[in-house]
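Here are my notes on the model you sent over.

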Amino acid sequence: MGILSRFSDIMGANINSLLSKAEAGNADKLLEKYLRDAKENIAQVKAETAAVIAEETGLARKLADNEANCKKYENYAVAAVKDGNDDDARKFLTYKSHLEEERAGLSSQYNRAKDNSEKMRQLLKKLSSDVDAAEDKLGELKQKLTVAKQQEKMNKLGEKLGNNPLSGVDSLFDAVQKRVDAADAAMALDQEFTKETLEVEDLAKKYDAGTQEVKADRVEDQLAMLKAGLKKEA
């Protein structure tokens, strides 16, 4: 079936009505098929349009030549009458009559070719517009499908983790926080133990100083006793 025979079907095709009948799962496939068909139609329409336009151009040129020849032979007939040659005038007028009959057929062919080329131009415009619209809708649809698939994955993950899809994340956060708290507690204990140790050492130094004084007193007592003993011997 040729493009022109499908002219009404193509011109009446509507992307929105096509998608309204499509299921959510296969809408992208329908659009991709629509795009393939539309692009194939565009290529065919361009080829046929070029041929029809060439035919229209050729017929237009033949019509113009025919009209020029009709006018030319009418002028010949006028000249023959002025010269008194009625037989020559009849021949010119008879040939002109044949050209006029030929012009009727040429005119019919030209009008048909012109009508076809106009239809082809309408088809090209319609198909080009449909392709642009379909590509836009396909891009939009694919984005929606991507979001839907991501949502489905999140829902499945939520089912695995429980009612709260973030419960697994919360558990992981709690585990990490507990480790942080434990490390902070160990550091605090270390600091507290170090403080107590320093306080005890400082206190010990105080008593160490007193012990040194006691030792010094004992040495003095022993020295005094030694001196007293030496006096008695003398």
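**Notes on the helices and the aromatic cluster**

1. Start with Phe92. Its relative accessibility is 25%, so Phe92 counts as partly exposed. Bear in mind throughout that this is a predicted model.

2. Now the overall fold. The protein has five helices and zero strands, and read along the sequence the pattern is α-α-α-α-α.

3. H3 is worth a look from end to end. This helix has 56 residues and reaches 80 Å from its first C-alpha to its last, close to the 82 Å expected at 1.5 Å a residue. After H3 comes Gly84, and the phi of Gly84 is positive, near 80°.

4. On to the rings. There are four aromatic pairs in the structure. One of them joins Tyr73 and Phe92: the ring centres are 6.2 Å apart and the planes sit at 35°, so this pair is tilted.

5. Where do Tyr73 and Phe92 lie? Tyr73 is in helix H3 (residues 27-82) and Phe92 is in helix H4 (residues 86-161), so their pair ties together parts that are 19 residues apart in sequence. As for cover, Tyr73 has 19% relative accessibility and so counts as buried; the cut-off for buried is under 20%.

6. Tyr73 has another partner. With Tyr95 it makes an edge-to-face aromatic pair, 4.7 Å centre to centre and with 65° between the planes. Tyr73 lies in helix H3 and Tyr95 in helix H4, so this pair ties together parts that are 22 residues apart in sequence. Tyr95 has a relative accessibility of 41%, so it counts as partly exposed.

7. Which residues form the aromatic cluster? Tyr73, Tyr76, Phe92 and Tyr95 form one cluster together.

8. Now for burial and surface. Of the 234 residues in the protein, 19% are buried. The protein exposes about 17,600 Å², and carbon and sulfur atoms supply 54% of that area.

9. Last, the contacts. Taking the contacts in the protein with a separation of 6 or more, 79% are between residues 24 or more positions apart.

Terms used. Residues numbered from 1 in each chain as written. Predicted model: local features only at pLDDT ≥ 70, side-chain atom pairs only at ≥ 80, totals over all residues. Heavy atoms only, no water. Phe/Tyr/Trp six-rings, centres within 6.5 Å; stacked < 30°, edge-to-face > 60°. Helix = DSSP H or I, 4+ residues; strand = E, 2+ residues; numbered from the N terminus. Buried < 20%, exposed > 50% of the residue type's maximum accessible area, 1.4 Å probe, protein only. Expected span 1.5 Å × (residues − 1). Contact = heavy atoms within 4.5 Å. Areas by Shrake-Rupley, 256 points an atom, 1.4 Å probe, with all protein chains shown as cover.
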